[in-house]
Amino acid sequence: MTALSIRALSKRYANLEVLKGINLDIESGEFTVLVGPSGCGKSTLLNIVAGLDRASSGTVEIGGRVVNDVPPKDRDIAMVFQSYALYPSMTVRQNITFGMECRHVPKAEQDAAVANVAKLLQIEPLLGRKPSQLSGGQRQRVAMGRALVRDPLLFLFDEPLSNLDAKLRVEMRMEIKRLHQRIGATIVYVTHDQIEAMTMATRIAVMHHGQVQQFADPDTVYRYPANLFVARFMGSPPMNTMPARLEADNGGPVVVIGAGRPDEVRLRLRGYDVAASFVGREVVLGIRPECIAEGSRVFSGDAPIVVSAPVEMVEPTGAETMVLLRLGGEAAMARITPDIRPTLGASADFALDTRRICLFDPETERLIA
Amino acid sequence: MRDQTFAPTRILIYLVVSLIAAAWLAPLVVVVLNSLRTNEEIAQASMIGWPKHWAWSNYAAAWSGFCVAETCAGIRPYMLNSALVTIPATIFSTMLGAIAGYAVSLWRFRGDSWIYGIVTLGLFLPQQMRLLPWTIVLRDIGLINTLTGLVLIHTIQGLSFTTLFCRNYYVAIPHELIRAARIDGAGFFRIFWRIILPLSAPILIVTVIWQFTHIWNEFLYGVTFTSGQQQPVTAALIALSAAVADIPQHGVQSAAVIIAALPTLLIYLLGGRYFVRGLTAGAVK
């Protein structure tokens, strides 16, 4: 069943177009993450779905019902906010029951629902406290409890982890994911953090300039980014992108980085199906840092492709060593094993995983192969 | 070393501050002392002097015996009038201001900033300018020379201040609270009553002190729109001094002034620290 369906949705403020014709279909039970840089329109979109803001045109359907003119309380949704938005003068229990109180749910039913949710989130000992007496993680949990107790068709999360410190954020991330797996809720989750998107989502909608750039599962978004924006936004450090030239010889397509230079790099692409119209033209080559490794690494498959390249910077992180090098004169980040520290300024051998190279059209910036 | 360079400046500061305080307190001291001196004593000596014997009877006379405008019940009935005007007007203007401030700060609606601007414009209208319109209004609704009329005036005039105070306090409340409550299904008044009002104690205390003091001390409307038995105590005090044409009763008059000033003094002493805190609230995060 389609839980949420957004059709040709636009939002204009005076002469600023924040959302430009958004179309999204979200299935029941999916964990959809809307991700994008600040100002991309993702929070506006969530507010329109929640009914806290109005669309300029287009429709929002929740559970098969058009809700454009339905007030937030009647949309069968629950929302978790970045600041948690717990009611400061109420206890945790009152915070959780406030919505039921507004809907005139009988007291016994309220108590049962609170007990249930408190157990699920392990906040039973906190029920009598005020929000000011809770830690950040506990507040977050109570905010989720307030949403869960409603048992809605759709959960909306507006950057719920942004106010937590790094360690707690990772914990809560896992907890939310586990919660989703356990109760099978339909979740729309807004974040600017691409790692949250990758780790939690069943599908990711990458947004930029008020448009959905790509809507796909995390692996597809990562492996086949629809365009250069997605390629550079998802992944940390981002995908290396550089101008290259596409050629063809008898064995199939070959990309050349720094064509004509003495240190030009020629990479044969196996199993790629590139439109003939691009042969002989400039393209943008994308290669993720983890696809460039120390020369001794064997990426599974054919004979390894090893190039010699000058090393410009070395950043040991403990788990791995990041190396900035030059491929045919173009800067590229490599991710190599932690115990290898190439010498600055000297050349070193690097193995390339050419099976995972992306090619983009430099004009449209779209993925071509 | 530090103390040596510090001390002279410090003495100077204390000196200046003490002088200013003395200048401010001098009238109060004169009135308090006179309220405890007999008429004869004041007449024989000067207006300024230490009481020879404490004339506590001045207070009894001022409270319930002295004649004002042909009745001899002291200022007690006028104190009651003032209370009957000040207490309801303070409550009404504070509650309405809180709701108005809540509406213009936390709910977006078309023309909200205009409405706020027009309401607070009232702060800059001189009192004298408002006399004539109020005369017409009170006459047309039949509330001239009634306490209800004064309650109405003070409630409405007070809205400018109470709305300003409350709005500036409420803008610091995160909008997400309102949005969360809307999703929970609460409406305008339920959100105000259950979420906003419980957070409002600091600003409500400030507003109540401010309104109480101003309405209690207000003189112009009282003297213009009421007469005789309907006057608030500020207006009655003038009548009191006018009534004593023959022999000046400075002792009793001073006692009456002190009694009339007591309620606002008490309010300030009880809530003063909230007042100072509330006025600077939001200035420092």
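**Entry 1**

Axes are lines fitted to C-alpha atoms, for helices over the stretch in contact, and angles run from 0 to 180 degrees between N-to-C directions. Helices (H or I, at least four residues) and strands (E, at least two) are DSSP runs, numbered from the N terminus.

I note that this is a predicted model, in which local features need pLDDT of at least 70 and side-chain atom pairs count only at pLDDT 80 or more, while totals for chains, interfaces and linings use all residues. Residues are numbered from 1 along each chain as its sequence is written, and chains are lettered from A and ligands numbered from 1 in the order in which they are written.

I find that residues of α4(B), including B:Val85 and B:Ala89, meet residues of α10(B), among them B:Leu204 and B:Phe212; contact requires C-beta atoms, placed from the backbone, to lie within 7 Å. I record eight nonpolar, eight polar and no charged residues there. Ala, Val, Leu, Ile, Met, Phe, Trp, Tyr, Cys and Pro count as nonpolar, Asp, Glu, Lys and Arg as charged, and the others, Gly among them, as polar.

**Entry 2: helices α4 and α7 of chain B**

I then followed α4 (residues 76–106) to α7 (residues 147–170), both of chain B, where the axes come within 6 Å and cross at roughly 35 degrees. Their contact has 18 nonpolar, 11 polar and one charged residues.

**Entry 3: chains A and B**

I see 17 residues from chain A and 14 residues from chain B in the contact. In chain A, β6 (77–80) and α2 (92–102) each supply at least two residues of the side touching chain B. I class that side of chain A as 12 nonpolar, three polar and two charged residues.

Notes
Contact = placed C-beta atoms within 7 Å.
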